Amino acid sequence: MPSLSSAVLPAGTLAQSPQPTLPTGDGLVLRPWRTEDAPLVHKAFQDPLLHQWHIRRSESESEARGWIDGWLKAWSGEDNAQWAVTDVTTDRLLGRVALRSIVLADGCAELAYWTAPWARGQGVAPRATAMLTRWALDEIGFHRLELLHAVRNEASCRVATKTGFALEGTKRRALLHPDGWHDMHLHARVRGD
C-alpha cells in the first residue's frame, strides 16, 4: 500500500556508510564497539546500580562479546546503533550511548545510555548524549528522539533535562524490572528545538 507522505529518512541513510566515530570535543569519543571491549562491558554489568535500572546482566565476558557482535551488526540493519563512549586519550571504556528502535521512515529513534561505575560523576552521559543528539538531529536529519527512564532514576532525569529533552509525560507501569513494574518518564527532542 503506498504511503501518503515521503519517508523522513530513506532506507540506507545509516548503512550506506560505516558507523562514524564522533568526538565530543571535551575529552570523550563515541566510537563503534570492539571485541576487546568485552571485559569492561562484563565488568560494568556486575554493578548493582546498572542492575537496578537495566533489565540485562552479563554472565560472562563471552556473553558480552556476543552483545558487542550484535551491536556491530545492527548498524547495517538500521534499527539500532550503539557506540562505546571512551576517553579520547586512553580509549578506556566509560559508557555506552545508543539509538534504539530506529524508524527511518518516521525519522524517530529512542536515545539510551549507561555509564560505567568507574566513570560516574564525570558528566559522561550528558556529554555523550549531547553529541549523539546533535549528530542524529543536525547531521543525519532525524525528526524526533525520545528518551525513557524509570521515574525513580533521578540521575537519568537530570541527564535528559540537561541535554534539552523535554519531559512529555509518564508511561505508567511500562517496563518490568527485577523489582517489579516501573513507571517511565518520556522525554523528547525534535529537530529545531
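Are Trp33 and Trp71 buried or exposed? Both of them are buried. Keep in mind as we go that this is a predicted model.

Let's stay with those two rings. A pair of aromatic rings is described by how far apart the centres are and by the angle of the planes. For Trp33 and Trp71, the centres are 4.7 Å apart and the planes are at 45°, a tilted pair. Now look at where the two residues come from: Trp33 is in the loop between strand S2 (28-31) and helix H1 (38-44), while Trp71 belongs to helix H3 (residues 61-77), so their pairing ties together parts that lie 38 residues apart in sequence.

Trp33 has another partner, Trp114. Here the ring centres are 6.4 Å apart with the planes at 35°, so this pair is tilted too. Trp114 sits in strand S5 (residues 108-115), 81 residues away from Trp33, and the pair links distant parts of the chain. Why do we call these two residues buried? Buried means under 20% relative accessible area, and Trp33 comes in at 3%, with Trp114 at 4%. A search of the whole structure turns up eight aromatic pairs.

Find Lys43: its charged end sits over the ring of Trp118, 5.2 Å from the ring's centre.

Which of its residues are buried? They are Ser156, Cys157, Val159 and Ala160. If you look down the axis of H5, these buried residues fall within an arc of 160°, so they line one face of the helix. An α-helix has 3.6 residues a turn, so residues three or four places apart point the same way. On the other side of H5, Glu154, Arg158, Thr161 and Lys162 are exposed. And what covers the buried residues? The cover includes S5, helix H4 (124-140), S6 and strand S8 (180-190). After H5 comes Gly164, which has a positive phi, near 85°.

Arg144 counts as buried because its relative accessible area is 17%, and the cut-off is under 20%. Its side chain makes a polar contact with the side chain of Glu168, at 2.5 Å. Leaving aside neighbours within four places in sequence, the residues in contact with Arg144 include Gly107, Cys108, Leu137 and Ala188.

Technical notes. Residues are numbered from 1 along each chain as its sequence is written. This is a predicted model: local features need pLDDT of at least 70, side-chain atom pairs count only at pLDDT 80 or more; totals for chains, interfaces and linings use all residues. Side-chain values use heavy atoms; hydrogens and water are left out. Buried means under 20% relative accessible area, exposed over 50%, partly exposed in between (1.4 Å probe, protein chains only). A polar contact is a pair of N or O atoms within 3.5 Å; within protein, one must be able to donate a hydrogen and the other to accept it, and residues adjacent in sequence count only if both atoms are side-chain atoms. Contact means heavy atoms within 4.5 Å. Rings of Phe, Tyr and Trp (its six-membered ring) pair if their centres lie within 6.5 Å; planes under 30 degrees apart count as stacked, over 60 as edge-to-face and the rest as tilted. Helices (H or I, at least four residues) and strands (E, at least two) are DSSP runs, numbered from the N terminus. A charge sits over a ring if NZ of Lys or CZ of Arg is within 6 Å of the ring centre and within 35 degrees of the ring normal. The arc is that of the directions from the helix axis to the C-beta atoms.
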